[in-house]
Amino acid sequence: MAAPVTRAEVLKIYKTMLRESSKFSFYNYRMYAVRRVKDAFREQKAVSDTSEIQQHLLEAHRFLDIIKRQVIVGDLYKFDKLVIEVKNNEKN
Amino acid sequence: MACRNVNVHNLSKLIRYFSQKTTEQETKVASRMGFLKGKPLYLDAQATTPLDPRVLDAMMPYMTHSYGNPHSRTHMYGWESEEAVETARQHISNLIGANPKEIIFTSGATESNNLAIKGIAHFYGAKKRHIITTQTEHKCVLDSCRALEGEGFEITYLPVCSTGIISLDELESAIRPDTALVSIMAVNNEIGVKQPIKEIGKLCKSKKVFFHTDAAQAVGKITVDVNDQNIDLMSISGHKLYGPKGIGALFVRRKPRVRLEPLQSGGGQERGLRSGTVPTPIVVGFGEACRIAKEEMEYDHAWMIKLSNLLLEKITKTLPEVVRNGDDVHTYPGCLNLSFAFVEGESLLMALKDIALSSGSACTSASLEPSYVLRAIGADEDLAHSSIRFGFGRFTTVDEVEYTAEKCIKHVQRLREMSPLWEMHQEGIDIKSIKWSQH
């Protein structure tokens, strides 16, 4: 039987995923990743079954690895920013 | 000159420095002149969708070290590629409720449509020489039918009603004893209308006619189940569901067996229906895209509804005389086709150059002719000329949609102010009743 997952553990992976997602250099991927991570954790908030939480946590780690790798791939090639980003930068 | 002593390494640094300077300056000039302030936003999801990063992640190993030919039976390289291809096939069949053996990989929906229509016609052509399709099909279906007409087949092009949906009664009366195939698309690529696939499937089954559907715009976006909907053949495209380009599939029912004549001869891959080495990396990507689509369908669909309602609400709240082409209810929300009266679609597209939009299908976007789909639904010539298609995807953001709505409203208002016809309309003159005299 696996040890129960602590709240701190879940919070930690959640924050790491958000931080890594916000590193996508392509605007649309970045916005989607952040939105999807937030919604996924919100959806699974009510889950109380230990083994199910364990399963979700494993999945989250797998996703974190994908995000990290794809952020690197995205950084390898330079491309122009979108109009909407340029506009937002000007505003700030 | 100082440059003469610079070694190669420094030289390349220098080149980079100066070229960066020039681009910086170019960008500055461009932004001063009011154009090229960054890359346009992408709102043309019916033409193609960006590759999902998760899909690329699944593809990478097969684009690098796992390069075996999936048909090689004598070594490890072949086995691992074959396994990956079969897993992908499983994901695709799961998404549409089929058996993996019923999936034939092709180069895309165009090839699938060709294979289905010509394959059926050629196999059963000795006795059955009639095919039914609709006027709003994709070009590749219409063109395949045209080619068959040249070979002596008879084709019925069913009309659609003003919402873009076919009439089941008309379909029933069009079916003849020698009808081989009914080919009707699931979701229209220009107006997003959903056809009553389940009812059509039931009708075709009762009449013992094969039913093919071009579901390139439907699979992965709305629920498609080949058994529940009695579909015999179905075309799928990879790049419309966040997968790679150059890959698609044709579902070919095994029970009761649907037989086809292949388009190309060769090594007999894909049950002999589509010879040629199966391209492992993009097949893996296609499979992963289907797996994700199944998991995310509900989530993505809710997002599409949110975005499409937002855009429609924003635009119709401010702008009068905006017509939505196609059905309001039986529609895929990720595709919104609007006609702005008194505004020419091409001019609006030019004005909205910082948003990637289209007035219809990408295949016909080069011509200035109004779309044949809009003509088929009976849109007036002037409204057909003023249509724009907004296509949303998983990666579209609320900010992008708000920006688009804002720009769209601004330019439609500007173009209308310039139009004498709009002025006359405002004064209550019925433009259609005017008899224009030629000089």
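Tutor: Two residues are in contact when heavy atoms lie within 4.5 Å. This is a predicted model. Glu85(A) sits in helix H4 (residues 83–91) of chain A.

Student: Which residues does Glu85(A) touch, not counting those up to four places away in sequence?

Tutor: Glu85(A) touches Tyr27(A) and Arg30(A).

Student: Why is Glu85(A) called buried?

Tutor: Its relative accessible area is 8%. Buried means under 20%. So Glu85(A) counts as buried.

Student: What makes the link between the side chains of Glu85(A) and Arg30(A) a polar contact?

Tutor: The distance is 3.1 Å. The cut-off is 3.5 Å, with one atom able to donate a hydrogen and the other to accept it. So the pair qualifies as a polar contact. A polar atom of the Glu85(A) side chain also lies 2.9 Å from the backbone nitrogen of Leu82(A).

Student: Now the interface. Why is the pair Arg36(A) and Glu296(B) called a salt bridge?

Tutor: Their closest N and O atoms are 2.6 Å apart. The rule asks for a side-chain nitrogen of Lys or Arg within 4 Å of a carboxyl oxygen of Asp or Glu. So the pair meets the rule. Between chain B and chain A the count is 2 salt bridges.

Student: Which elements of chain B give two or more residues to the side that touches chain A?

Tutor: Helix H2 (53–63), helix H8 (280–318) and helix H12 (398–418). By class, that side of chain B has 10 nonpolar, 3 polar and 11 charged residues.

Student: How many residues take part, and what area is buried?

Tutor: The contact takes 24 residues from chain B and 25 from chain A. About 2300 Å² is buried between them, and carbon and sulfur atoms give 58% of this. The predictor gives the complex an ipTM of 0.93 and a pTM of 0.89.

Student: Why is Tyr242(B) called buried?

Tutor: Tyr242(B) has 6% relative accessibility. The cut-off is under 20%. So Tyr242(B) is buried. Tyr242(B) lies in the loop between strand E7 (233–237) and E8 of chain B. Its phi is positive, about 70°, although it is not a glycine.

Student: Why is Glu321(B) called partly exposed?

Tutor: Glu321(B) has 38% relative accessibility. Buried is under 20% and exposed is over 50%; partly exposed lies in between. So Glu321(B) is partly exposed. Glu321(B) is in the loop between H8 and strand E9 (322–324) of chain B. Its phi is near 55°, a positive value in a residue other than glycine.

Terms used. Residues numbered from 1 in each chain as written. Chains lettered and ligands numbered in written order. Predicted model: local features only at pLDDT ≥ 70, side-chain atom pairs only at ≥ 80, totals over all residues. Heavy atoms only, no water. Buried area = accessible area lost by both parts, 1.4 Å probe. Helix = DSSP H or I, 4+ residues; strand = E, 2+ residues; numbered from the N terminus. Nonpolar A, V, L, I, M, F, W, Y, C, P; charged D, E, K, R; others polar. Buried < 20%, exposed > 50% of the residue type's maximum accessible area, 1.4 Å probe, protein only.
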